[in-house]
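Have the model open while you read.

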Amino acid sequence: MKNTDLSGRIVRYGELQPCRTAFIDAHTPGSDQKENFTIIGGGVSESPDQHVHIDIPHGFNIGAAGQPPKCRNSLHSHRTAEVFFVLSGRWRFFWGLHGTAGEVVLEEGDIFNIPTGIFRGFENVGTDYGMIMAILGGDDAGGGVIWAPQVIQEADAHGLVLSEEGKLYDTKKGESLPEGVGKMPLLTEEELKAFPEPSAAEVIPDFVARYWDIAAMAHEAPVKVIGETGLLRDRPGFEVDLVTRDSATETPEQFDRPTVLMPFRGHWRVTWDGGSTVLAPGDTMSVPEELDHAVVPAMSGESALYRVIGTQDPAGPTRAD
C-alpha cells in the first residue's frame with residue numbers, strides 16, 4: 001500500500017466521544033456517572049446514542065470506560081473475551097452473581113483477561129477520574145451483554161427498561177417498549193447455575209498480568225501477554241503484546257490481520273510508506289493488514305504500548321488449548 005492516508009484510523013484520546021446512557025444501569029445510583037466509549041467496532045452498547053469512532057470490522061472491538069471515584073459498572077457477563085488494561089487510575093474488579101466470589105485491584109498498565117461466562121463488574125477506587133481500555137472478542141462482541149437479574153430489576157426502578165431485543169428505553173423521557181416487544185427476561189435459577197463462581201486464587205494466576213512484571217520481560221523482544229503461547233494463555237480471536245522502548249524496532253513489519261496500537265506510556269512514532277504520526281497515551285490507531293510500518297518511541301523516558309493483532313481463532317469462550 002503506497003501513500004496510505006491513515007488519518008481515519010486514528011482516534012485521539014482528547015477527541016473521544018462518551019456516551020452516558022450506554023447501558024441499563026445508566027440511571028442507577030453509583031453507576032450513573034460512568035462514560036462509555038466505542039472506539040473500534042460496534043461494541044455492546046444498548047443505546048442508539050453511542051458514537052462509533054471506527055466502524056471497520058477487525059474481528060474484535062476496542063472500547064473504554066471512564067469513571068469518577070466510587071463509580072462502578074454493574075455485574076454482567078459476555079459470551080466472548082473481555083480484556084481490560086488500566087490506562088489511568090486504580091480499579092477494583094469483582095465477580096460472581098453478587099460480586100462476592102472474588103476480586104482484584106489493578107494499577108496503571110495492569111491487564112485482566114476476564115474469563116468468559118462469569119458475572120463481572122468494576123469500580124474506580126482511585127482518587128481521580130480513571131480510564132480503562134477494553135478489547136472485546138468478535139465483530140459483534142458476542143451479541144450483547146448478559147445482566148445479572150438484580151441489575152435489570154434495579155434499573156427498572158430508576159426508569160430504564162431493556163427490551164428482549166437488547167434495546168434500551170428510558171421511561172423518564174416518555175419512551176416505552178414498542179407494541180409486541182417484551183422486556184428482557186430475567187435469567188432463571190436454573191440458568192444462573194451455568195455461571196461459575198471462581199475464587200481469586202483460581203482467577204488471578206491465569207488471567208491477570210502486572211505491568212511492571214511484563215515490562216521487565218520485554219527487554220529484548222515484545223512480550224506476548226495474551227495468546228496461545230502467551231503469559232495468559234487464551235485464543236480469543238486476537239493476541240495482545242506489550243512493546244517497550246527496549247523491544248521496539250525501527251525495522252518495518254506487517255501483519256496479515258488488522259493491528260491496533262494503544263500507547264500506555266510515552267509518545268510513539270508510527271511510520272509507513274508516505275506517512276507518519278505520533279501517538280500519545282490514550283490514543284488508538286488501527287493499522288491495515290499487510291501494511292509495512294515501524295513503531296518506535298518518539299521521546300525519551302518510559303515508553304510502553306499494547307498491540308492487539310487479530311487471529312484466525314473464532315471468538316468464543318476462554319480457552320487455552
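**Notes on the model**

1. Let's start with Thr311, which sits in the segment after strand 25 (304–310). Helices (H or I, at least four residues) and strands (E, at least two) are DSSP runs, numbered from the N terminus. Thr311 counts as buried because its relative accessibility is 14%; buried means under 20% relative accessible area, exposed over 50%, partly exposed in between (1.4 Å probe, protein chains only). Leaving aside neighbours within four places in sequence, Thr311 is in contact (heavy atoms within 4.5 Å) with Gly237, Phe238, Glu239 and Arg257.

2. A word on the source: this is a predicted model, where local features need pLDDT of at least 70, side-chain atom pairs count only at pLDDT 80 or more, and totals for chains, interfaces and linings use all residues. Residues are numbered from 1 along each chain as its sequence is written, and side-chain values use heavy atoms, with hydrogens and water left out.

3. Which residues of helix 1 (residues 149–157) are buried? They are Pro149, Val151, Ile152 and Ala155. They lie on the same side of helix 1 because they cover an arc of only 165° around the axis, taken from the directions from the helix axis to the C-beta atoms. The buried residues of helix 1 pack against strand 5 (72–77), strand 12 (146–147), strand 13 (160–162) and helix 2 (189–192).

4. Now the sheet: five strands form an open sheet in the order 8-7-10-5-12, with antiparallel pairing (two strands pair if DSSP finds at least two bridges between them). Strand 8 (102–106) and strand 12 are the edge strands, each pairing on one side only. In strand 8, Glu103 is the bridge partner of Phe94.
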